[in-house]
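Here are some friendly notes to read with the structure open beside you. Take the points one at a time and find each residue as you go.

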Amino acid sequence: MELKKLREALRIDADAKPIRELNILLRQALSQQQDVVIENPRSRHNLGVALPAGGSVRFEGSVGYYCGGLNNGAVIEVAHNAGWGTGEGMARGMVRVRGHAGQSTGASLRGGTVVVEGNTGARAGVAQKGGVVVVGGQVGFLSGFMAQAGKLIVLGDAADGLGDSLYQGSIYVAGHIHGLGLDAVILEPPAAEIDEIESIIAELGFSLTPRAWKKVVAGQKLWYFDKREADTWLKV
Amino acid sequence: MCGIGGIRLAESGEIGQHLVAMMTALRHRGADSTGFALYGPYRPERLVARLRVEGRAQLAGRLDQIAAVLRQAGGELISPPTWDGDDTAADAFVRLEITPDVDIAQATTGWIALGGVEVHSFGHSLEIIKDVGDAQTVARRHSIRDFQGTHGLGHCRLATESDVDVAHGHPFWARPFPDVAIVHNGQITNYYKSRRLLEQEGYRFSSENDSELISVFIADRMKQGETFAEALRTSITALDGVFTYLISIPEGIGMAKDRLDIKPMIATHSPQLVVMATEEQSLRQVLPEEIETVSYGPAEVIIWN
């Protein structure tokens, strides 16, 4: 870590380069503990996919779909907006979007942290299997859909359908919940969990103002079929 | 998949150039066919028909047949027909300028009955040009880049429903309503039932593609007295399936999204234009700098006039 700070970041202009070539360059740089700045990402897809640990990558603009997908330890920053599936399937590391992100942010996340400072589209944290997704603004329709583990932390409001068909993931919302999805229930989070959530967001640089945290988990009615609860199933 | 896009300029400009660049950037979403709905100046004194005619070697004779059918439908050619410059092709893409009092439904049905004729559009302003292949291929053959106008739609197709051929490519014209066109990303699952209901009202369809239904459905709702926005809202509950579609009329472009928010759409604007597409990188072919964009939620309807 000390050495890295002494070295200047490598600057690469993405403009006309094939994505595959860029990702190979990024993998080589990070495996040599070399930080990288990518100029002109121009909202293209699959930037910074399957990167190893070893350094940071900053995209100097907006990126397209799947940025930071399958990340294996890199620290990735997007200076502007991101498209769909940001950090999809990440195992470890960090993807931080300074602007807004599209649908399915942190989809199937297994570990690490995805941070969106602005808003996300529909289905943030869909099928999340671990890790933490933090959204500074609002999350869209059906966020947390079928999440199996991990935390989705929302500092703003959540659109309708929140936590639909959850397994064991947990959703924490500071703002207004416009509507719950099937089988989602709101709990008051225990003090110890609030402390944990607030230490996560404080470490990420979000201000610690008083927040009315709500926790959304599975009501567990969809976990086992019970014909007396057929009404719940018929809504599916 | 499929990629869709549209552009609306404040003043007439290079919509062909823009839409070709936008569809080229979406090529990875499908290159089975590519098509454009282009709106030039609205001229009430004439209609433009766009046709694909098989048998290029016998084109003169076929054009005579087409003119005869046109006369039966109460129309006359205003100027001699023109067609694309690809003389090696087996078919010809023909453009006709026609007197405006023609019976559009009769002419369309009559031309199709000749065999080997597709009618892609009718309009005072609208011209639909579509062909198999990617945006660059279609643009070259049909000189799309030269087209000037106020607004238009583009579509690149990855076929999930119906055949891969010109007739099943987008955009679809709302036969027989002039100047209405649609591009669609998704699938309509109650297509057969909805189509049968419209056929019972006397409508005829030019393909087996589910997306053609949307254009006729919307135009019919407007004929029933709904506004453009109301018709789009009606479609969200009347049509079942996965869809984000763009529909254009001479006044502008509308968008509707299904209730589950499955298919993408993103838009941005500048003082000179509004541009919308499936993906942001398509918008950046028109506005290359970093842009602020708007995306849309479930069951949303937007009109860009």
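1. Start with B:Asp179, which sits in the loop between β9 and β10 of chain B. The model you are looking at is a predicted one. Check the backbone here: phi of B:Asp179 is near 70°, a positive value in a residue other than glycine. Is B:Asp179 buried or exposed? With a relative accessible area of 2%, B:Asp179 is buried, because buried means under 20%.

2. The peptide bond running from B:His170 to B:Pro171 is cis, and its omega is near -5°. B:Pro171 belongs to the loop between β8 (149-157) and β9 (172-173) of chain B.

3. Now switch to chain A for a backbone angle. A:Ser104 has a phi near 55°, which is positive although the residue is not glycine. Where is A:Ser104? Look in the loop between β5 (92-97) and β6 (113-116) of chain A. Its relative accessibility is 15%, so A:Ser104 counts as buried.

4. Back in chain B, compare two helices. Helix α5 (residues 191-200) and helix α6 (residues 210-223) of chain B pack at an angle of about 45°, and their axes are 10 Å apart. That angle is why α5(B) is described as oblique to α6(B). The crossing of these helices, α5(B) and α6(B), is left-handed.

5. Which residues make this contact? From α5(B) come B:Tyr191, B:Ser194, B:Arg195 and B:Leu198, while α6(B) supplies B:Asp210, B:Leu213, B:Val216, B:Phe217 and B:Asp220. Sorted by class, the contact of α5(B) with α6(B) has 5 nonpolar, 1 polar and 3 charged residues.

6. Next, look at the loop between α5 and α6 of chain B, where you will find B:Tyr203. This tyrosine has a relative accessible area of 7%, so B:Tyr203 is buried. Setting aside residues up to four places away in sequence, B:Tyr203 touches B:Arg175, B:Pro176, B:Phe177, B:Leu198, B:Val216, B:Asp220 and B:Lys223.

7. The side chains of B:Tyr203 and B:Asp220 are joined by a polar contact of 2.7 Å. B:Asp220 also takes part in the contact of α6(B) with α5(B). For a sense of scale, B:Tyr203 and B:His269 are 66 residues apart in sequence, and their C-alpha atoms are 37 Å apart in space.

8. Finish with a histidine. B:His120 is part of strand β6 (residues 117-123) of chain B. Its relative accessibility is 4%, so B:His120 counts as buried. What does its side chain meet in a polar contact? The partner is the side chain of B:Glu118, at 2.9 Å. Leaving out neighbours within four places in sequence, B:His120 is in contact with B:Arg50, B:Leu51, B:Arg52, B:Phe93, B:Ile128, B:Lys130, B:Val166 and B:Trp173.

Terms used. Residues numbered from 1 in each chain as written. Chains lettered and ligands numbered in written order. Predicted model: local features only at pLDDT ≥ 70, side-chain atom pairs only at ≥ 80, totals over all residues. Heavy atoms only, no water. Axes fitted to C-alpha atoms, helices over the stretch in contact; angles between N-to-C directions. Helix = DSSP H or I, 4+ residues; strand = E, 2+ residues; numbered from the N terminus. Parallel < 35°, antiparallel > 145°, perpendicular 65-115°, else oblique. Left-handed = near helix turned anticlockwise from the far one by under 90°. Contact = heavy atoms within 4.5 Å. Nonpolar A, V, L, I, M, F, W, Y, C, P; charged D, E, K, R; others polar. Buried < 20%, exposed > 50% of the residue type's maximum accessible area, 1.4 Å probe, protein only. Polar contact = N/O pair within 3.5 Å; in protein donor to acceptor, adjacent residues only side chain to side chain.
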